[in-house]
Amino acid sequence: MTFDERPPVSQQTLTHLQRLEAESIHILREVVANADNPVMLYSVGKDSACMLHLAKKAFYPAPPPFPLLHVDTTWKFRAMYELRDKAAHDAGMELIIHQNPEALEQGINPFDHGSLHTDMWKTDGLKQALTKYNFDVAFGGARRDEEKSRAKERVFSFRSANHRWDPKNQRPELWKLYNTRKAKGESIRVFPLSNWTELDIWQYIHLEGIEIVPLYFSQPRPVVERGGLLLMVDDDRFPLAPGEVPQMRSIRFRTLGCYPLTGAVESTAATLPEVIQEMLLTTTSERQGRAIDHDQAASMEKKKQEGYF
Amino acid sequence: MTADLTPKSPAYVADRLIAEDIDAYLEQHQHKTMLRFITCGSVDDGKSTLIGRLLYDSKMIFEDQLASLEKDSKAVGTQGGDIDFALLVDGLAAEREQGITIDVAYRFFATDKRKFIVADTPGHEQYTRNMVTGASTADLAVILIDARQGVLTQTRRHSYLVHLLGIRNVVLAINKMDLVGYSQERFYEIVTDYSHFAQQIGMESFLPIPISGLKGDNIVAHSANMPWYQGPTLLAHLEEAPVNDARMQDYAFRMPVQWVNRPNLDFRGFAGQIGAGTIRPGDAIRVLPSGKTSTVKSIVTFDGDLDQAVAGQSVTLTFADEIDCSRGDVIVQADEPCEVADQFECTLVWMAEAEMLPGRPYLLKLGTQTVTASVTEPKYEINVNTLEHLAARTLGLNAIGVCNISTDRPIPFEAYTANPDLGGFILIDRITNATVAAGMIHFALRRSQNIHWQALEIDRQAHAAQKNQSPKVVWFTGLSGSGKSTIANLVEKKLYALGKHSFLLDGDNIRHGLNRDLGFTDADRVENIRRVGEVARLMADAGLIVLTAFISPFRSERRMVRELMPEGEFIEVFVNTPLAVAEARDVKGLYKKARAGALKNFTGIDSPYEPPEQAEIEVDTVSMTAEEAAERIVSYLLNR
């Protein structure tokens, strides 16, 4: 058989999801080809789920050649812990769980300690884990469309030896040429989903049949209302006011984090298409459900400089 | 002036399909394509307003964002308390206070047909770097002109950069038409003016559209204010313009290898993103630079093997034969390979505060290859405002010039205009790891293909064997007056007495002859050391033990010479004398002159000295006499 006799390859314009997928895979492979000890930060949310799925694709038929790291706060939803363990197992990857020992010892919690909860469990916890395991590159699931200051974040974000981010000292990224070089002690956060939007993520989950935490889908769950946020009472650590009784309401979550800090929305969307439908018809942006953002416009940027994503 | 917040066209109001048949909507939207574009213009051209308008009209702004926008508009807006779209696309806190954007920001919006990624870059002169970065990934450029101002210097600059980065699809958005009474005459005046300039820079075509970002004219729907304009609206054109990936499918197959996938002994796949062309199982391929050939056995993906793959896709290929192939190699169509060369002419855009040093080795990353490269003095620098060619000895931040570049080994490449994937590169500083330049290859220099090393019958081993010694380059480095020449002279005397064949290259005698055309700027110091290094290498090839005594203040250049030599033949001797001691000795009276300001760029005074990190030998001239130091060096050499 001569191949010249075959019909010519048909022109095909790649769809936006195919292009985004190809770009993310390219980024994942560049890191693995250059890094000494990479790790994927896995938060169990929908973005993490996408990122993990892309990693499986990038290195197939090998399993992704790096571990997953969950910086745990002990205050995540129970359903998140269940999916976390299953997803790591299904991917054939090592799962590293880090809990800040100081936060654990001091019993830091979102009810009594306010922003100290995020600072110690998440920001400090992440730094501790990266230092402890000597990871030089960490994949994160952040997207540029999430928040104004992220629109300028590089795909490869360099951190000093003490994990700080200097917005004035980041490298230009041209074409798809990423400069992955770093000095001893420096590390890089890499965001393979930089160019994805929330809608892209949902469409991709739908198209690829990616498993996500059931909390994204509506069902009757016990909630109380606090400071304008609908909070789910996920376990008996939730301090109820005298006489306060959680109500069963049909709710779901647009974003997942620590359950006492994550606001639910009332919804009847119980399937993925319905969730997407609701998202498209909705009139408030995704991050509104996070208590952390309400301070001031530049709050994310400050958190980022300190080492939080 | 009040911004009209009503979307002009029902087409971009949330699709009825979403509410009525979400499955059909999802099906439709899975077939969307993607276009990346860059917007260029100054703060006053209304660029941020235009982007804000596109985001708003395509329903990318949510109620809570709008609420915060209204609040911010009152506090820091420039529209007298009315909605200021520019604030939607503003970013980092420091920049917001200055009221300007100073980096590349990426924005996203989508219509029923396409997803768009907008690179938003500022138009200030000092930020050429940012615009080049944003343009490097763009399929299309929107160049904004204020209809009141017409074609300005910065319009020319933006257009030149867009053209330099190879963007073929250019929209000339003549903005603020509302402020010139929607005048057709004014529009054509600007178009005529711009045409002359476009021709001058070789831009083949552009599409002029009269718009008002603030009022929404000709953005989504045709403007009732400009019935004389019959062309597409801005958004309609963005939805139809061709994307680069599709165009690249028509070229011969190219795939830089990113990573070799070896999960077990039975599988060996080559992972990469296809840069050009198409590939199918059975296709004959060639691996460059080795030139080995094979055929494609399979195109492996997580979703199963593919019958074909096209430019833009990330895949893993397996071959029918076991041939060498690793990261940095390029897999190409067997009968249509790309060129392989080690010397090129290119355009460089300098992106670092530290100026370019001709002759200094930088890392060059092109595709997935990283090699060492050095750049010649620019043939000329280009004034981006006037397009004049200027004489230049170096390039500073945001300067653009044409240079020759040579790599330490041959690399597969293509001209940037033919294939940006194999023609675009970055230069990386080897010490700071900063990305210092972006480059675009024009062509390979002919001599790199035609000049071959003369194969010598009497080789360096023969030369060395005849002298019964192993060649070395003993490189003395240290401050002026540290004692380099004194110690080197003593070492040579001892070697001579031992019957060894040696030669001493000294800073002063070289500068009176071979290097008398060089001064003491950083660039000249680099060139000085490069020449000395090459001479030392030739002498070592002749079998000699070469002693060199040069301040050689920069680590990069000492490393460059080290890398010229075979492993173990370069011996770095750090003559470690504290500045205060050297200055107190001041044998030649130079420190006194330098302190008095009569001698510029003097190492240790107003020019830096970078001490070696891992010198083979370090001598401390405070605790050791010159004689003792020489003895130690000779015994080191004899024991090698």
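This is a predicted model: local features need pLDDT of at least 70, side-chain atom pairs count only at pLDDT 80 or more; totals for chains, interfaces and linings use all residues.

Colleague: Where does Asp421(B) lie?

Modeller: Asp421(B) is in helix H11 of chain B, which covers residues 420–423.

Colleague: Is Asp421(B) buried or exposed?

Modeller: Buried, because its relative accessible area is 17%, and the cut-off for buried is under 20%.

Colleague: OK, and what does Asp421(B) touch?

Modeller: Leaving out residues up to four places away in sequence, it touches Pro256(B), Gly275(B), Gly367(B) and, from chain A, Lys176(A). With Lys176(A) there is a side-chain to side-chain polar contact at 3.5 Å. Gly275(B) is 146 residues away along the chain, yet the two C-alpha atoms are 6.0 Å apart.

Colleague: Switching to rings: how many aromatic pairs are there over all chains?

Modeller: A search of the whole structure gives 29. One of them is Phe77(A) with Tyr259(A), a tilted pair with 6.0 Å between centres and 50° between planes. Those two residues are 182 apart, and each sits in a loop of chain A.

Colleague: What about charges over rings, say at Phe158(A)?

Modeller: Arg171(A) lies over the face of that ring, 3.7 Å from its centre. In chain B, the charged end of Arg360(B) sits over the ring of Phe554(B), at 5.5 Å from the centre.

Key. Residues are numbered from 1 along each chain as its sequence is written. Chains are lettered from A and ligands numbered from 1 in the order in which they are written. Side-chain values use heavy atoms; hydrogens and water are left out. Helices (H or I, at least four residues) and strands (E, at least two) are DSSP runs, numbered from the N terminus. Buried means under 20% relative accessible area, exposed over 50%, partly exposed in between (1.4 Å probe, protein chains only). Contact means heavy atoms within 4.5 Å. A polar contact is a pair of N or O atoms within 3.5 Å; within protein, one must be able to donate a hydrogen and the other to accept it, and residues adjacent in sequence count only if both atoms are side-chain atoms. Rings of Phe, Tyr and Trp (its six-membered ring) pair if their centres lie within 6.5 Å; planes under 30 degrees apart count as stacked, over 60 as edge-to-face and the rest as tilted. A charge sits over a ring if NZ of Lys or CZ of Arg is within 6 Å of the ring centre and within 35 degrees of the ring normal.
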